[in-house]
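Subject: Structure handover

Hello,

Here is the structure I promised to pass on.

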Amino acid sequence: MHHFNFKSLTFYGVAIGSVLLLFKTVTVYGEKNLQAPPQINSRYRIVLAEKLSSCNKLEPIILNIHQSGIYLNGFLSPANTNTETISFASQTNQSLTGKYQNQTVSLSGQISSSILCNHTNLETQVNTNQKNNSRQSISLYMQLVEQENLIGQITVNGFPKLVKFTAISLQAQEKSEKQNIN
């Protein structure tokens, strides 16, 4: 009967009550102030506003994004490539990493120069600017304009200026095409 004296019961009651009050306070705070960022679409068609210096023609690019909270991983591929058949090794080799904060997406990494422009003069220019034969450092900065679309700018190592672009969600594009058919 020594375990159930008044001091022990009071101590354990206050300790359990304090833990429950702390848990309730943290839960209310988290539900009110902490929210996961909205899910962004995973595939975008990027259309450059102007051509890169040595490219004769503007080629659309597909941006694939994988989101985990505010952290992003992605890769670029030419629009004429079926991105679902691209191997995992190829994806990680062309990997971009970044964050999604305050309606802004930033991604950076290294990609093959042939993704941006399938032109031999471009690769020659890149080879003279960089020792790494066919890889370029790239940075993408984008603002979420609507739920489906992004606008932004791309910085490519070896090119003197920023190039603006529009990224159109492929999911939204496919959805609108289905609605037009029906």
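**Ground rules**

This is a predicted model, so local features need pLDDT of at least 70 and side-chain atom pairs count only at pLDDT 80 or more, while totals for chains, interfaces and linings use all residues. Residues are numbered from 1 along each chain as its sequence is written, and side-chain values use heavy atoms, with hydrogens and water left out.

Helices (H or I, at least four residues) and strands (E, at least two) are DSSP runs, numbered from the N terminus.

**Confidence**

pLDDT is the predictor's confidence in each residue, from 0 to 100. The protein has a mean pLDDT of 77. In it, 70% of the residues reach 70 or more. Among its elements, α1 has the highest mean, 94. The lowest, 41, belongs to helix α4 (residues 120–129).

Two stretches need care. Over residues 85–92, pLDDT stays under 50. The model has six contacts there beyond four places in sequence. A contact means heavy atoms within 4.5 Å. Residues 119–132 also stay under 50. For that stretch the model has 27 contacts beyond four places in sequence.

**The barrel**

Eight strands form a closed barrel. The order is β1-β2-β3-β4-β5-β6-β7-β8, and the pairing is antiparallel. Neighbouring strands of this sheet are turned by 30 degrees against each other on average, direction ignored. The axes behind that angle are lines fitted to C-alpha atoms, for helices over the stretch in contact, and angles run from 0 to 180 degrees between N-to-C directions.

Two strands pair if DSSP finds at least two bridges between them. Strands of a sheet pair through backbone hydrogen bonds, either parallel or antiparallel.

Take strand β6 (residues 135–144) as an example. β6 and β5 pair in the antiparallel sense over nine bridges. In that pairing, valine 105 has methionine 142 of β6 as its bridge partner. Isoleucine 138 stands opposite valine 156 in β7. Leucine 140 faces isoleucine 154 of β7.

Buried means under 20% relative accessible area, exposed over 50%, and partly exposed in between (1.4 Å probe, protein chains only).

Serine 106 sits in strand β5 (residues 104–112). Serine 106 is partly exposed, at 25% relative accessibility. Leaving aside neighbours within four places in sequence, serine 106 touches Thr97, Gly98, Lys99, Leu140 and Tyr141. Its C-alpha is 9.7 Å from that of tyrosine 71, which is 35 residues away in sequence.

Leucine 162 lies in the loop between β7 (150–156) and β8 (163–169). Its relative accessible area is 41%, so leucine 162 counts as partly exposed. Not counting residues up to four places away, leucine 162 is in contact with Gln153, Ile154 and Thr155. Glycine 152 is 10 residues away along the chain, and the two C-alpha atoms are 9.8 Å apart.

Most residues other than glycine have a negative phi, and most peptide bonds are trans. Asparagine 102 is exposed, at 75% relative accessibility.

Glutamine 103 is in the loop between β4 and β5 too. Its phi is also positive, near 65 degrees. Glutamine 103 is partly exposed, at 39%.

**Helix α1**

Helix α1 (residues 6–33) has 28 residues. From first C-alpha to last, α1 reaches 40 Å, close to the 40 Å expected at 1.5 Å a residue. That expected span is 1.5 Å times one less than the number of residues. α1 is hardly covered: one of its 28 residues is buried.

There is one aromatic pair. Its rings belong to phenylalanine 11 and tyrosine 12, with centres 5.4 Å apart and planes at 65 degrees, so the pair is edge-to-face. Rings of Phe, Tyr and Trp (its six-membered ring) pair if their centres lie within 6.5 Å; planes under 30 degrees apart count as stacked, over 60 as edge-to-face and the rest as tilted. Phenylalanine 11 is exposed, at 55% relative accessible area. Tyrosine 12 is exposed as well, at 52%.

Best wishes
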